[in-house]
Amino acid sequence: MSLGLAERITTVLALEPGKGAIEFNGAWHSWEEIRDAMRQLDDLLTSAGLGEGTPIGIILRNRPAHFPALLEVLASGRCVVTINPFQPAEKLANDIRKLRLRAIVADAQDWALPELGQVVRELGSLAIRADSAPTLGMSLLAPGSGTADGFHEPMHGTCILMLTSGTTGPAKRIRLPFKHFERAIFDAEYYETKGGAMKLQIKDTPAVLATPLVHIGGMYAAVAAVASARPTVILEKFSVAEFRRVLAAYGPKLIALPPTAVRMILDAGVPREELACLRAIRTGSAPLDPALQESFESHYDVPLLDAYGATEFAGAVAGWTLKDHQLHSKTKRGSVGRAQPGCQLRVVALDTFEPVPCGTVGLLEVKTSQDAGAWMRTTDLAEIDADGFVFIRGRADDAIVRGGFKVLPREVEAIFRKHPAVKDACVVGLPDTRLGAVPVVAIELLEDSAAVTADELVNFARKDLVSYQVPVQAMIVQALPRTPSLKVSQHEVRNLFLSAQQPQVA
């Protein structure tokens, strides 16, 4: 690993060791506690012969001890293997069984699962407990007894084996090189300082981590905060009450929230004055409904700065700035902003992969300073206007080809959201022997909305859809299934239809 990020972390930890670094449920932990917990973890791993390049599994929760666990594995040149805690115990155990990791770091809550203990004994993995109270610490539960031959191969040069969010299908793992992650952290810092050097001193106003550490957005935010010497308030999961507590206690100027959390704030009627400290809210991880954005901004006068990124890029590659928001928020509504510094974006045709003119929908390609000269093709459908603003139109792998006609789910979902009773909608494709695939829709209603049936909602949407876009089935659900980052899980929505016999309404 390049020493830049590792040295930065070490330097920050030594600046003012006694000061608060992490706040969780109102209690602070110091930079010195983080440093000591990192050393404890390093001693345990080193004693077991697990050095640079060793994949280390961390069942990542938004809890204080998981910060030093993450930082130590990164700073030591080992590889973080993210393991999702928000899955059934048996599925968690099967995930670890397939990974064949030499060490697992987890919270006491997870080690209490019999399935986890069983798979670790079966593999002979090192078992380490990450303790968050009363102080941060790492303790050995099982020394490990497996042979190196049976474990996952070393991953030199890879800092994270990252689990994707699993929004559109079963989650998969992506190798994120050290150089990409480090460059993403320092590119953002260069942009923030307008090309100057970061003044390394402990900041007064903390960052707020409201997105899961197990996903790239949360992990990036956590490491970026440490690299910039900024304390962090950790929310185990987003709640309006905890959001209000943090605003009242610390008055942060900027916070990153998924669109679902933005809607929760608006629906809860949080008083306008409580958000007065915020200069802006960054959003991402899921599409931002233009109607929601307009309602929120008109009520709170706080800009929502949408962004676009992916695990492969270790962060955002497009986004809104405050200046762009002031100048273009009304005319470019629905855009995810313009290319970030150090990034180039273009759209290519789906068949030839040749660049297409402005305003044409095609596959989005990205070139970053991390991979100079190489265009990386995404599976996202997008168009870029003459001013460089990017509009995401869906995913190529989400497109439903119905008898030769292409249905883009996000276009259909937007029509359903226009109904006054609809809170959110998710359109997915189901296999069909005659047409290849057909669209279906799951709908979540607003609380206290007027009684409405699935048939009525489809008939409402039918007026603005062409015939092949009309879903053949509709299901009203109490709540759409979501991933830990609050994205709607298309995979789980599809399973709802596959496991239930719904009457056709089209």
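A: Seven strands form an open sheet in the order β7-β6-β5-β3-β4-β8-β9, and their pairing is mixed. Here two strands pair if DSSP finds at least two bridges between them, while helices (H or I, at least four residues) and strands (E, at least two) are DSSP runs, numbered from the N terminus. This is a predicted model, in which local features need pLDDT of at least 70, side-chain atom pairs count only at pLDDT 80 or more, and totals for chains, interfaces and linings use all residues. Residues are numbered from 1 along each chain as its sequence is written, and side-chain values use heavy atoms, with hydrogens and water left out.

At the edges of this sheet stand β7 (137–142) and β9 (173–177), each with a single partner strand, so one side of each is left without a neighbour in the sheet. On average, and with direction ignored, neighbouring strands of the sheet are turned by 25 degrees against each other; axes are lines fitted to C-alpha atoms, for helices over the stretch in contact, and angles run from 0 to 180 degrees between N-to-C directions. Within the sheet, strand β3 (residues 55–59) pairs in the parallel sense with strand β5 (residues 103–107) over two bridges, and Gly57 has Ile104 in β5 as its bridge partner.

Two helices can be followed against this sheet. Helix α2 (residues 31–47) packs on the sheet and touches β3, β5, β6 (126–131) and β7, with a direction that makes about 25 degrees with that of β7; contact means heavy atoms within 4.5 Å. Helix α3 (residues 66–75) also packs on the sheet, where it touches β3, β4 (79–83), β5, β7 and β8 (158–163), and its direction makes about 165 degrees with that of β3.

The 17 residues of α2 reach 24 Å from the first C-alpha to the last, close to the 24 Å expected at 1.5 Å a residue, where the expected span of a helix is 1.5 Å times one less than its number of residues. Among the buried residues of α2 are Trp31, Ile34, Met38, Leu41 and Leu45, and the charged residues Glu33 and Arg35 are buried as well; buried means under 20% relative accessible area, exposed over 50% and partly exposed in between (1.4 Å probe, protein chains only). After α2 comes Gly49, with a positive phi near 80 degrees.

Side chains of opposite charge can pair when their charged atoms come close. Asp95 and Arg173 meet in a salt bridge through their side chains, at 2.9 Å from N to O; a salt bridge is a side-chain nitrogen of Lys or Arg within 4 Å of a carboxyl oxygen of Asp or Glu. Because Asp95 lies in helix α4 (residues 89–99) and Arg173 in strand β9, this pair ties together parts that are 78 residues apart in sequence. Asp95 counts as buried because its relative accessibility is 17%, whereas Arg173, at 23%, counts as partly exposed.

In one of them, Glu365 pairs with Arg346, the closest N and O atoms being 2.8 Å apart. Glu365 lies in strand β18 and Arg346 in strand β17 (residues 343–348), so this pair ties together parts that are 19 residues apart in sequence. Glu365 counts as buried at 2% relative accessibility, whereas Arg346 is partly exposed at 26%.

Strands β18 (residues 362–368) and β19 (residues 376–384) run antiparallel and are joined by four bridges. Five bridges then join β19 to strand β20 (residues 390–395), again in an antiparallel arrangement, and Leu381 stands opposite Gly394 in β20. The hairpin of β19 and β20 has five residues between the strands, and in this hairpin Gly388 takes a positive phi near 90 degrees.
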